[in-house]
Amino acid sequence: MPELPEVETIRRALEPLVLDESFIAIRLVDPAISRGDRERLQTGPIGRRITGVLRRGKHLVFALEGGKGLAVHLRMTGSLLLREPDAGSRVRAVLVLSNGVHLYFNDVRRLGTLEFLDDVEALFGRLGPEPLSDEFTVDLLHAQLSRHRIPVKAALLDQQIVAGVGNMYADEALFLARIHPMTPARNLDISPVTSLWKALRQVLTDAIASKGASVSTYALPNGEHGTAHFGFNVAHKKGEPCPSCGTTLQRMMVRKRGSYYCPACQPPSGDNTGG
Ligand SMILES: [Zn+2]
């Protein structure tokens, strides 16, 4: 599933191709891709100059003149490709640009959405802080987590607590910070929160540098794959030895999400003897 590093990678790839151009057609192969009014989606963005490609959390937004926008949410399996994908894929929409560029919204699981935004800021206001922004401090993360008794793993996935983190990078960050995924968020004091803050920024920054993780269907617009998953310590590595201590990595369900962790490096809270 595309998380912050994957969406940021797509943003960086697309922006130079579409800046100052405009959409000339929004073709809906699968009308269910439209979030909100379908006709507005197909007419609202047309002819407006694209002033930038933005990312907030896992959302990609083509910023259009007048404060409007076209929001793309890739969800589980969505991708935006510059060439029509092979048979067996599932193109749900085609975005046609004034310079002839075609963007194919490919999405096997059909959970992704397109939405015309009257006001880009309204979407952004619904999301929590960006973890790589200056605004995101240790104190802010501590304050966000202290309001929740849910497991810290679930808290990291809540887009209102911190935007853009999903299952893979939450597991990687908790491993680096040596925090058990079931630890109640509000039980973490400033020391483990500081470790978690550093770990989150590290795993996200490293993953952007590797152009995201292609563990599933994720690809860059040109079809290239990211390599961030080759650097993973625990995510998707059940049964393999912990790279730090050699203990067999495990997978447990936390609020219906598979969570990978090392039972030795990440002991349950209260059981951390510091040895
Ligand atoms: Zn370990």
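Predicted model: local features only at pLDDT ≥ 70, side-chain atom pairs only at ≥ 80, totals over all residues.

**Surface and overall build**

Residues are numbered from 1 along each chain as its sequence is written, and side-chain values use heavy atoms, with hydrogens and water left out.

Next I looked up the secondary structure and found seven helices and 10 strands (DSSP runs numbered from the N terminus; helices are H or I with at least four residues, strands E with at least two). The radius of gyration is 20 Å, close to the 19 Å that the globule rule gives for 275 residues, so the chain is as compact as a globular protein of that length. That radius is taken over C-alpha atoms, and the rule is 2.2 Å times the number of residues to the power 0.38. Of the 275 residues, 52% count as buried, meaning under 20% relative accessible area (1.4 Å probe, protein chains only).

**The zinc site**

Which residues hold the protein donors of the zinc ion? I found Cys242, Cys245, Cys262 and Cys265, each through its SG atom, 2.3 to 2.4 Å from the ion. Donors are N, O and S atoms within 2.8 Å of the metal (3.2 Å for Na, K and Ca); water is not among the atoms, so sites may look incomplete. Along the chain the donors follow the spacing C-x2-C-x16-C-x2-C. The angles are 104 to 112°, which makes the arrangement tetrahedral (four donors with all angles between 85 and 135 degrees). Cysteine 262 and cysteine 265 are both buried.

**The cores**

I then turned to the largest nonpolar core, which has 36 residues. A core here is a set of buried Ala, Val, Leu, Ile, Met, Phe, Trp, Tyr and Cys residues joined through side-chain atoms within 4.5 Å. Helices H4 (138-146), H5 (152-157), H6 (167-176) and H7 (190-209) each give two or more residues to this core, and H7 gives the most, with nine. Apart from it lies another core, of 28 residues, among them Val7, Ile33, Ala93 and Leu95.

Terms used:
Tetrahedral: all angles 85-135°; square planar, octahedral: opposite > 155°, others 65-115°. Buried < 20%, exposed > 50% of the residue type's maximum accessible area, 1.4 Å probe, protein only.
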